[in-house]
Amino acid sequence: MLRNLILIFSFLFFIAPVFARQKTPVVKLLSKASYSFGTYPEKKPKTCVFIVRNDGNAPLVFLKAETSCGCTSVTVSRRAVLPGQKGYIKVVYDGNGFIPGSFRKQISVYTNADPKRIQLEISGYYFPKDE
């Protein structure tokens, strides 16, 4: 009985902390999760960049990015973002050929970190130059 207690306590104090210190990346968004392009009178593509930092203790990897519309594209840091380093999520909106007016688009970026999904949003209002 005493031997079993000693084994249990040994596990709790010496082996369990090793498992508790598992290496994981942690994503910290350094800007707001939404960006407004405002009102603009042209059909030029609009670009914004969201900056993230890895506050964890393992490399951060971007796995996949999705947008709510084909008019929006996403580019992310290609290399793993090391602990303490910064990475980027570049979003381009190209409303050329779409109906003028306001827009609001969602972007989901999936990572190997906590949280697994970063939810972003862009918005703005386009009007033809002759208005």
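## Contacts and burial

Take the contacts in the chain (heavy atoms within 4.5 Å) between residues at least 6 apart in sequence: 64% of them join residues at least 24 apart. This is a predicted model, in which local features need pLDDT of at least 70, side-chain atom pairs count only at pLDDT 80 or more, and totals for chains, interfaces and linings use all residues. Residues are numbered from 1 along each chain as its sequence is written, and side-chain values use heavy atoms, with hydrogens and water left out.

The chain has 131 residues, and 31% of them are buried, meaning under 20% relative accessible area with a 1.4 Å probe, protein chains only.

## Elements of the chain

The chain holds 1 helix and 8 strands. Both are DSSP runs, numbered from the N terminus: helices are H or I with at least four residues, strands E with at least two. From the N terminus, the order is α-β-β-β-β-β-β-β-β.

## The open sheet

An open sheet is built from 4 strands, in the order β2-β8-β7-β4. Its pairing is mixed; two strands pair if DSSP finds at least two bridges between them. The edge strands, β2 (34-40) and β4 (62-67), each pair on one side only. On average, neighbouring strands here are turned by 15 degrees against each other, direction ignored. The axes behind such angles are lines fitted to C-alpha atoms.

Technical notes:
Axes are lines fitted to C-alpha atoms, for helices over the stretch in contact, and angles run from 0 to 180 degrees between N-to-C directions. Buried means under 20% relative accessible area, exposed over 50%, partly exposed in between (1.4 Å probe, protein chains only).
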